[in-house]
Amino acid sequence: MDRAPASAPLAALTDSFQAMLARSRAEPAPDCAARLDRLARLRAVVADNEERFRQAISADFGHRSAIETTIAEAMMVFSEIRHATKHLKSWMAPQRVATALQFLPARNRLMPQPLGVVGIIAPWNYPLQLTLAPAIGAIAAGNLVIIKPSELVPHFSALLKQTIAETFDATELLVTGVEDEVAKGFAHLPFDHLVFTGSTRVGRLVAEAAGRNLTPVTLELGGKSPAIVDASADLDEAAERIAYGKLLNAGQTCIAPDYVLVPERSLQALAEKVSAQMRRMFGTDPANKDYTSIISDRHYARLEGLVTDAAERGAKILQPARADDPNWKAHRKFPPTLILGATEAMAAMQEEIFGPVLPVLPYRERADAIAFIVRRDRPLALYWFGTDSNARDEMLARTVSGGVTINDCLFHFAQINQPMGGVGASGTGAYHGEWGFRTFSKLKPVFYRSRFNRLADLYPPYGGKIARLEKMMRFMS
């Protein structure tokens with residue numbers, strides 16, 4: 001049976017991909033100057049349109065804190081570009097690799113090469129930063145890039161598409177539309193590498209589609225990232241830092257603390273301190289410009305359902321107003337909410353919350369907290385608060401997560417010399433700084449044989465010479 005003809009947007013995407021693929025094969029290794037020029041132009045796109053991006057993102061959210069967009073998005077993009085620009089020449093240089101004694105005086109080198117065309121499926125929660133950060137690594141590595149932005153941020157997506165098209169040739173860097181058929185077809189293209197940031201559920205579908213082309217993927221997913229408050233922790237300090245980590249972007253952060261484990265004797269005290277810190281930071285007025293709206297009515301209703309389910313199952317709910325309060329709902333701002341006495345049977349403990357709702361669970365012994373985490377999917381982030389170094393090191397040794405911040409939240413993500421990535425259900429692969437350059441490069445091993453090598457002794461006809469060579473190689477191995 002003949003296939004139905006592709007829609008106009010999907011056909012245009014396919015044509016653009018083929019043009020970019022042809023260029024990547026014809027010009028497989030752009031030099032350092034070309035890459036630096038692309039990075040400089042990308043920086044100019046953000047710098048020249050920073051206020052327009054802030055306004056577009058805020059329009060998409062209903063309201064987005066301008067300070068959060070500046071700090072968590074624009075400044076991080078500038079930092080990534082500055083770091084890549086500073087180190088690009090050394091990253092591109094062939095690396096010396098030791099040569100085994102029996103092959104001397106030959107030499108080994110590891111040669112980084114661009115993969116070709118990299119596809120990026122971007123999320124909505126930090127649309128500027130999480131779209132451009134992987135693109136920076138891919139461009140630094142010499143690749144050509146196609147970006148599919150999120151349909152949940154149409155104002156931002158349209159502005160990014162326009163400003164990139166004004167600055168880049170369509171075979172260098174391209175931003176697609178957000179049509180359904182483009183979203184469904186994007187992962188099926190035979191990219192040389194594909195990056196997806198989003199939910200674990202959709203990540204599985206992206207990986208399945210990419211697998212048909214044997215396309216390697218970097219999956220930045222989410223999951224339930226725990227915060228452990230140790231018995232040795234300063235509760236006031238932990239409460240302040242957990243409150244900030246949870247309410248940045250109204251909790252719509254893939255590495256936000258998703259739930260808190262606290263010694264049972266400190267459960268009520270910590271919950272009250274976190275609640276007080278939330279009120280201190282953001283007040284109780286939904287018109288507060290520092291507090292960000294929930295991205296859509298659907299997501300707001302989903303959060304309402306999580307809280308209602310927890311309350312019906314016996315949890316104690318702490319919040320400055322009910323989520324159905326018309327004053328909060330009119331701004332699509334969800335009241336900062338704590339769920340005390342959460343259990344594993346509650347929906348809030350079975351799915352990633354992705355909003356300003358924080359379950360607080362008690363534990364009796366340190367080993368119980370670790371066991372609770374270990375029996376669940378491996379999280380994207382883990383946070384630990386305390387002063388007992390033995391307890392800290394035990395937690396680090398016995399848990400596996402994408403990243404860890406000790407005595408704070410989120411800040412491991414901002415470390416440009418460290419990789420950012422998940423593990424298991426929270427993702428695969430990593431980027432940031434040189435880690436991004438390596439992810440989007442083929443590190444090609446090259447062996448340079450010396451004319452003084454005796455490797456010809458391995459060639460037939462075999463005789464006494466092979467016995468002597470075997471003896472020598474055994475001695476050196």
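Which residues of strand β11 are buried on one side, and which on the other? The model is predicted, and the tour below answers this at its second stop.

**Stop one: the open sheet**

Select β1, β2 and β16. These three strands form an open sheet in the order β1-β2-β16, paired antiparallel. β1 (95–97) and β16 (441–448) are the edge strands; each has a single partner strand, so one side of each lacks a neighbour in the sheet. From one strand to the next, the twist averages 30°.

Now keep β2 (residues 107–114) and β16 in view. The two strands run antiparallel and are joined by eight bridges.

**Stop two: strand β11**

Select residues 337–340, which make up β11. In a regular strand, side chains alternate between the two faces of the sheet. Here Thr 337 and Ile 339 lie on one side, Leu 338 and Leu 340 on the other, and all of them are buried, so both faces of the strand are covered. Buried here means under 20% relative accessible area.

**Stop three: the partners of β11**

β10 pairs with β11 in the antiparallel sense, over three bridges. Lys 316 stands opposite Leu 340 of β11, one of the buried residues from the previous stop.

Strands of a sheet pair through backbone hydrogen bonds, in either the parallel or the antiparallel sense.

Key
Residues are numbered from 1 along each chain as its sequence is written. This is a predicted model: local features need pLDDT of at least 70, side-chain atom pairs count only at pLDDT 80 or more; totals for chains, interfaces and linings use all residues. Side-chain values use heavy atoms; hydrogens and water are left out. Two strands pair if DSSP finds at least two bridges between them. Helices (H or I, at least four residues) and strands (E, at least two) are DSSP runs, numbered from the N terminus. Axes are lines fitted to C-alpha atoms, for helices over the stretch in contact, and angles run from 0 to 180 degrees between N-to-C directions. Buried means under 20% relative accessible area, exposed over 50%, partly exposed in between (1.4 Å probe, protein chains only).
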